[in-house]
Amino acid sequence: MSSVAPVLAQAKAEGRAALIGYLPVGFPDHDTSIAAMVAMVENGVDIVEIGVPYSDPLMDGPVIQHAVESALVAGARPRDAIAATEAVAKAGAPSLLMTYWNLADRYGVPRLAADLAAAGGAGLITPDLIPEEAGEWIAASDEHELDRVFLVAPSSTDGRLAMTAAACRGFVYVASTMGVTGVRSTVNNAAEVLVHRTRAVTDLPLCVGLGVSNAEQAAQVAGFADGVIVGSAFVKALANASSAAEGVRAVGEIASKLAEGVRSGRPAA
């Protein structure tokens, strides 16, 4: 069994937020995507969010959409995410698959849970699955002791925040905006408001995603959240690189800067 809980607890004990890095498997190719995930771990990312390429990524902005489309064209499939999970586990970090539910359903929920647990994965982030419709996944995740991370958004009522948080294990994904993922010049203050609202209904760690792209923004979010989730900035580094090796190196450099950011976001005790 793996879980993100010990890692988040350790970060809290160190007086900082955790850094969670997202990359889709298969972009720009299978081996490079996995090498980049390992580079993130080696440079300070605490938890890896492995994207499973999907043809209709509803909450993803243009940078990630382009990456997952390229990965699909190159032949990436859900099984590749299991291989990435194994590699991240060997690198010493827990990982969660970020998958739209149709893919999990087609793979087979019991089979996915079993394969993920066997590979050393911690669980799933399911952006388009609501707890009321997650009975099969909740049962499978209980059987294999996997984390299940649902999303809350600024539009969530207090009652929905409580219900969603109660269904989560590992952490609650706090979507900082109502839009899609992507690099932003500033982090919407709706994130801090939503963290405070969610903290009133749960003791689980609260990790903020959508919009963080640099160390300054990471420090800002780390001042009020338990985890900072970064995706598009890593994907953009791979997309802009002139070679696979340069892309992996750039991902490591960004991870290192963001790790410094989350460590500077709170005053010393």
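In which kind of crossing does α6 pass α7? The views below come from a predicted model, and the first one takes up this question.

**View 1. Helices α6 and α7 meet side by side.** α6 passes α7 in a right-handed crossing. Helix α6 covers residues 109–118 and helix α7 covers residues 135–144; their axes come within 9 Å and cross at roughly 30°. Angles under 35 degrees count as roughly parallel, so α6 and α7 are described as roughly parallel to each other. On the α6 side, look for Val109, Pro110, Ala113, Ala114 and Ala117, which make the contact with Glu136, Trp137, Ala140 and His144 of α7.

**View 2. Helices α11 and α12 make a second pair to explore.** Here helix α11 (residues 232–240) and helix α12 (residues 244–263) have axes that come within 8 Å and cross at roughly 155°. Angles over 145 degrees count as roughly antiparallel, and α11 and α12 are therefore roughly antiparallel to each other. The crossing of α11 past α12 is right-handed. From α11, Ala233, Phe234, Ala237 and Leu238 meet a set of α12 residues, among them Val248, Val251, Ile254 and Leu258. The residues of the contact of α11 with α12 include 10 nonpolar and one polar, with no charged residue.

**View 3. Nine strands line up in an open sheet.** Follow the strands across in the order β5-β4-β3-β2-β1-β9-β8-β7-β6, and you will find parallel pairing. At the edges are β5 (147–149) and β6 (151–152), each of which pairs on one side only. As a reminder, strands of a sheet pair through backbone hydrogen bonds, either parallel or antiparallel.

**View 4. Strand β3 lies beside β2 and holds Ser95.** Strand β2 (residues 47–51) and strand β3 (residues 95–98) run parallel and are joined by four bridges. Is Ser95 buried or exposed? Ser95 has a relative accessible area of 1%, so it is buried. Leaving aside residues up to four places away in sequence, Ser95 touches Val48, Ile50, Thr85, Val88, Gly121, Ala122 and Gly123.

**View 5. Strand β9 is covered on both faces.** In a regular strand the side chains alternate between the two faces of the sheet. In β9 (residues 227–230), Gly227 and Ile229 are on one side and Val228 and Val230 on the other, and all are buried. Strand β1 (residues 18–24) runs parallel to β9 and is joined to it by four bridges, with Gly21 opposite Val230. β8 also pairs with β9 in the parallel sense, over two bridges, and Val208 has Val228 as its bridge partner in β9.

View 6. Now find Leu210 in the loop between β8 (206–209) and α10 (215–222). Leu210 is buried, with a relative accessible area of 7%. Although Leu210 and Ala175 are 35 residues apart along the chain, their C-alpha atoms are separated by 6.1 Å.

Methods:
Residues numbered from 1 in each chain as written. Predicted model: local features only at pLDDT ≥ 70, side-chain atom pairs only at ≥ 80, totals over all residues. Heavy atoms only, no water. Axes fitted to C-alpha atoms, helices over the stretch in contact; angles between N-to-C directions. Parallel < 35°, antiparallel > 145°, perpendicular 65-115°, else oblique. Left-handed = near helix turned anticlockwise from the far one by under 90°. Contact = heavy atoms within 4.5 Å. Pairing = 2+ DSSP bridges. Nonpolar A, V, L, I, M, F, W, Y, C, P; charged D, E, K, R; others polar. Buried < 20%, exposed > 50% of the residue type's maximum accessible area, 1.4 Å probe, protein only.
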